[in-house]
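My entries follow in the order in which I looked.

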Amino acid sequence: MVRITALRYHGAAMRLLFLVSVFLCLLSFSLVARSEKHSSVRYQLIYSAPEGPSVHVRIELPGAAAAPRTLLIPRAVPMGYADEPYDQFVGNVAAFDAAGKSLAVTRGDGPRWRVGPAARVEYDVDLARMEQMILDGTDSSRVRPGYVSLLGYSVFGFIEDAENLPVELHIEAPKGWPVFSTLAPAGGTLRAPNFYALADSQMILGTGANITSVHYPREKDVPLALALYSEAPIDQARVERLAGEALAAIIQYFDGADPAPFPHYTVLLEFLKPLSEKHSYGFGMEHMESFHAAMAAGDADPARFSDVGLRYHIAHHAAHAWIPKRCSSEGYFPFSWDHSPPIDTIWFSEGFAQYAAIAALATTEEHRQQMLDRRFRSALRESPPGMRRMSLRDLSLLASTQYAADFRIGRLTFSRGGLMAAEMDDRIRAQSHGQKSLRDALRHLIAWSAQNQRPFRVDELPVRFREATGVETRDILDRWLAPLD
Ligand SMILES: [Zn+2]
């Protein structure tokens, strides 16, 4: 009896204890959830009418404003090396305080709006006008029947001083339309650690695109999504195969069997009929965990854009997820959204990343030499004397805003960097008797960047490379930085 009573008493006490602990757990969970909710910026993207020309964006800030706030819309693309006036397509900017009261909004200088002590800001983005006005197809969002593709930086602005807060994104599409975001290719809550990561993401609404999970050798480490929209017949299986081969080769080059620095990757390719004669297609844009490109419809044909070309195109841009997205010199982070920043190391970001893609894909030494010749040496042969006489630093500063606008500038910048990388690789391999290569030097520099969380200085490059390989490369660096003639 006693024993049973004691057990009963014990059981009741345990139940009480259990209930109390459940209650405390729920309380602390709700406090954490609430504080998370309150410390992140909530973005809502609303596309309500199929084929409608615009999207509506709503930004809700955590907490009340202590001072008047400013809305900023990007006028530059990270790694775009040109200005793009996305603020021109923004209209109906409205601001509200924490109580929901409407506030006065005035246009400021540059791509800015003064929105008072706003807790919420809303605006529309005219996607149809954006596509008409922005002539580089890769820099624009677009609407087609049953299909909307959106580049983060072309539609999302931010409230100044809130750009480092975590972001939660909600997307509303017309009924029955699937929604895809590179932030979570497999679905689920859309979160970004800050505005940069949100701006760096892409979204696809509707059934117009084919979105597939690519089967490739590293799919367990890094699930690869292919989002394909084509206005010409296209062999989807071929593009999947090339995307998988390209990403696997780049992961192998930078990380070997180690994990890649991103949890998933997306290749987003559009093959488009030109909007006008002035519009151009073909450039690619790299991101933290994706690559997107607006190609010409004719490029869907392998006779015009070969396997070798498309595989390299994807590998080159995937390599940028390491260089410069996670390892760069000054000017890349934090990014200046008001205008394209002057950067004097584009030769590294473009040249070394493209060299990495060549080294990763080349199957033989002869193949590597062919690629170096086609991609880099030909650009040197064809370069105008004025650009040859510029130092690589000055050429890079020029390329900061004119990289693609006059592609002779971009091409010579990356080619001089790429040949510098090739010469360093040759020396490291020769002097280490094949034990080391530039790959070891770059892996060390990327690890150093992750650890130090700061841009490297150019004069530090040979130091980092020597640490990794024991080989001196400073004279190669100095010679390639100097004018060619
Ligand atoms: Zn590039």
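The entries below begin with the basis of the work and then take each topic in turn.

**Basis.** I worked on a predicted model, in which local features need pLDDT of at least 70 and side-chain atom pairs count only at pLDDT 80 or more, while totals for chains, interfaces and linings use all residues. Residues are numbered from 1 along each chain as its sequence is written, and side-chain values use heavy atoms, with hydrogens and water left out.

**Salt bridges.** I searched the whole structure and found 36 salt bridges. I counted a salt bridge where a side-chain nitrogen of Lys or Arg is within 4 Å of a carboxyl oxygen of Asp or Glu.

**R42 and E60.** I looked up this salt bridge and noted 3.7 Å between the closest N and O atoms. R42 belongs to strand β1 (residues 41–46) and E60 to strand β2 (residues 54–60), so the pair links distant parts of the chain, 18 residues apart. R42 is partly exposed at 29% relative accessibility, and E60 is partly exposed with a relative accessible area of 29%. Here buried means under 20% relative accessible area, exposed over 50%, and partly exposed in between (1.4 Å probe, protein chains only).

**D87 and R107.** I next recorded the salt bridge of D87 with R107, whose closest N and O atoms are 2.8 Å apart. D87 sits in the loop between β3 (69–72) and β4 (90–96), and R107 in strand β6 (residues 106–107), so the pair ties together parts 20 residues apart in sequence. D87 is buried, at 3% relative accessible area, whereas R107 is partly exposed, at 40%. Leaving aside neighbours within four places in sequence, I found D87 in contact with I73, P74, R75, R107, G110, P111 and W113. Contact means heavy atoms within 4.5 Å.

**R464 and E460.** In this salt bridge the closest N and O atoms are 3.8 Å apart. R464 is buried with a relative accessible area of 11%, and E460 is buried at 9%. Salt bridges with shared partners join R454, R457, D459, E460, R464 and E467 into one network.

**Zinc site.** Which atoms coordinate the zinc ion? I listed H316 (NE2), H320 (NE2), E350 (OE) and E350 (OE), at 2.1 to 2.7 Å. Donors are N, O and S atoms within 2.8 Å of the metal (3.2 Å for Na, K and Ca); water is not among the atoms, so sites may look incomplete. The sequence spacing of the donor residues is H-x3-H-x29-E. H316 is buried at 5% relative accessibility, and H320 is buried at 0%. The four donor atoms subtend angles of 52 to 165° around the zinc ion, which makes the arrangement irregular. Irregular is what remains when four donors are neither tetrahedral (all angles between 85 and 135 degrees) nor square planar, and six are not octahedral (for both, opposite donors over 155 degrees apart and all others between 65 and 115).

**Cavities.** I found two cavities of 30 Å³ or more. A cavity is a set of points on a 1 Å grid over the protein atoms alone where a 1.4 Å probe fits but cannot get out; lining residues have an atom within 4 Å of a point. The largest cavity holds about 40 Å³ of space. Its lining includes V41, Y43, F158 and I159, and β1 and β11 (158–159) each supply at least two lining residues.

Methods
Helices (H or I, at least four residues) and strands (E, at least two) are DSSP runs, numbered from the N terminus. On a 1 Å grid over the protein atoms alone, a cavity is a set of points where a 1.4 Å probe fits but cannot get out, and a pocket is an open set with protein on both sides within 12 Å along at least five of seven lines; lining residues have an atom within 4 Å of a point. Grid points are joined across faces, edges and corners, and a volume is the space filled by probe spheres set on the points.
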